[in-house]
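Have the viewer open as you read.

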Amino acid sequence: MAVTFWLASVLAKARGEPSDFFLIFYCSIVLISFLVLHSVAEEVDDRRLTIFLAFLIVPVVALAIFKKFIPRLKMVGILSSHAVQNLVVGVVCLTLLAALSNAPASAGFGLDNSYTRRLEAREIYLSGELISYALAMCMNGFVPYLAFRAGAGKSKSLLLFSSCAALFFFWLMGAKAPFFYVAIAFLLGTVIKMGALKYFALLLVGGVVGLYFGVLAEWQIFDGYSMIVDYFFRRVFADQAAVLNFYFNFLTSTKPFEWDWLLGAIDSSFQVTYFIGEAYVHNVDANVNTNAFLHALSGNGLLGYFSAVVFISVFLVVSDRLFKSSGNPAYIFLGFMYGLLVIEQAFTVAMISSGIGVLFVLTLLERAPPRLRIADPPANELP
């Protein structure tokens, strides 16, 4: 209860800075899920629960500390907004054409074979190849970015283009996440255009709280069944808590290979996500991801864990500072999307493979036109 009230006080200060969205996603999905649902996989005694919570809370504390020490920053852009937009559209078009030329035989719009398409696509677009990186960047970064700009600039053509790209990814490899990314990014851009950014962060928090109450209400009305749980809540919250438990169990159990608390797995080829999939989900093909901090701790020990904490904190605070000095709403998108990705990806994967790093460089170089700028970025303090 003490941790829950502390998190509530942290989230109550959210007003729409880039780092605020990371706090919202991390606190409401990772921390609250573990606090409330940590026993979905197995019972955790109070001593271990306290230790596990400490590892999960450190990133929130570290972000607050870095906010005190990183000074105001300013960058003068050299590229026009249209040049940045056209460059991103061009990369997406080239990627779609390259993928279309070597599409899986199972490509289609059926829901029943979407996982077949995903497995086949994994075999065609091999990890480490340029086309694989390009597809990941477009799905997780570039296409949502264009949807965001569609909302912020009221561009119907950009919205149509990004929506068609999301539909293409579903046809190609059964990917459903791009639909969600496009929708939420467009909504964020629209809210910024309406000048309601400071309320959007609070609405996200209220939406999460309302979801919990909605689940409880359905449980009572339908005698122990909830449609919200089946189609949304389980995937976002209950599975999150279960996977966190798998990783903590891995960290505290005897391992069948050499592992060090400082450096993690001695074998550099070790992939913790697939090990968790095989050992705990009993599926050798399952790539069981978790938040960037726990992923780094499990794979690379305490050195990897603190590297993730420092890198993510610095990136988010730098985005805050640049947003305040430039008024460019693209920094909001970067904080929003990166905060969403690192709750279920390694921080390097979210930065490089998902295209956030490339978009950050383009935003640094962009001269945002006055019609897109936020003249008075929201202060991160209670009214």
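## Cysteines

C138 is buried, at a relative accessible area of 0%; buried means under 20%, exposed over 50% and partly exposed in between, with a 1.4 Å probe and protein chains only. Its sulfur is 9.2 Å from the closest cysteine sulfur, in C93, which is too far for a bond. C164 counts as partly exposed at 45%, and its sulfur sits 11 Å from its closest partner, again in C93, also too far for a bond. The structure holds zero disulfides (a pair of cysteine sulfur atoms within 2.5 Å).

## How to read this

This is a predicted model, where local features need pLDDT of at least 70, side-chain atom pairs count only at pLDDT 80 or more, and totals for chains, interfaces and linings use all residues. Residues are numbered from 1 along each chain as its sequence is written, and side-chain values use heavy atoms, leaving out hydrogens and water.

## Aromatic rings

There are 32 aromatic pairs, counting rings of Phe, Tyr and Trp (its six-membered ring) with centres within 6.5 Å; planes under 30 degrees apart are stacked, over 60 edge-to-face, and the rest tilted. F148 and F333 have centres 5.4 Å apart and planes at 35 degrees, so they're tilted. F148 is buried at 2%, and F333 is buried at 0%.

F250 and W259 are edge-to-face, with centres 6.2 Å apart and planes at 80 degrees. Both belong to a cluster linked by ring pairs, along with F257, W261, F270 and F275.
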